[in-house]
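Have a look at the structure, then read on.

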Amino acid sequence: MSKGLREEERLIDPISANPSFNRAESKIAVAGHPIHAMFVSFPIALTMCTLGADLFYWWTGDVFWARAALWAAGMAFLMGLLAGASGTVELLMVPGIRARAASWTHFIIAMTLLAILGANWGFRLYGYEQTLLPYGILLSVFAAGFTGFAGWHGGKLVFDYQVGTSSTKSDSLRGD
């Protein structure tokens, strides 16, 4: 039994044994609410709105939907810049976030998504109706896919590792 215990002691992950590994609380927050979590809902929704407007344009041929997709794509990109900036600052400032490989995976996927959102908007700026089919709609499909992929990894960070959450509210509820 002591041999098994010694073997278990040798297999301790040096990264998770670091005291700063468990410090993954949000540094950029308003009243304990992380800014990144607040901003990220906008580019997610607007990316899906862009895809929806593209599909409605393809189905109806109504120019309104092409114009709506242009605006949604632009706002998805601009709000994505805000969400990306706040997430990047969190990644660089909080040691417990920086130490996790999953954080870097989420970061890379989200930055790729931001590039796709920028390309999707930029592609539409000059002749949004003419450029929508087939390339605009393809970029929207890619953006929607990457949104799901980035969201999956972001959710994993929050729900599995409690990254970016605040313990101050729960402490005050317990009376500590």
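In this predicted model, the side chains of N120 and S140 are joined by a polar contact of 3.2 Å. N120 sits in helix α6, which covers residues 101-124. With a relative accessible area of 2%, N120 is buried, because buried means under 20%. Apart from neighbours within four places in sequence, N120 touches T50, G136, L139 and S140.

Now for two other helices. Helix α3 (residues 35-60) and helix α7 (residues 128-161) have axes that come within 9 Å and cross at roughly 145°. The crossing of α3 past α7 is left-handed. On the α3 side, the residues that meet α7 include T50, D54 and W58; on the α7 side, those that meet α3 include G136, S140 and T147. Sorted by class, this contact has 12 nonpolar, five polar and two charged residues.

What about charged pairs? Side chains of opposite charge can pair when their charged atoms come close. How many salt bridges does the structure hold? There are two, and here they are:

| Salt bridge | Closest N to O |
|---|---|
| D54 and R124 | 2.6 Å |

D160 and K156 are both in helix α7, and they're about one helical turn apart because four residues separate them. D160 counts as partly exposed at 46% relative accessibility, and K156 counts as partly exposed at 33%.

Key: Residues numbered from 1 in each chain as written. Predicted model: local features only at pLDDT ≥ 70, side-chain atom pairs only at ≥ 80, totals over all residues. Heavy atoms only, no water. Axes fitted to C-alpha atoms, helices over the stretch in contact; angles between N-to-C directions. Left-handed = near helix turned anticlockwise from the far one by under 90°. Contact = heavy atoms within 4.5 Å. Nonpolar A, V, L, I, M, F, W, Y, C, P; charged D, E, K, R; others polar. Buried < 20%, exposed > 50% of the residue type's maximum accessible area, 1.4 Å probe, protein only. Polar contact = N/O pair within 3.5 Å; in protein donor to acceptor, adjacent residues only side chain to side chain. Salt bridge = Lys/Arg side-chain N within 4 Å of Asp/Glu carboxyl O.
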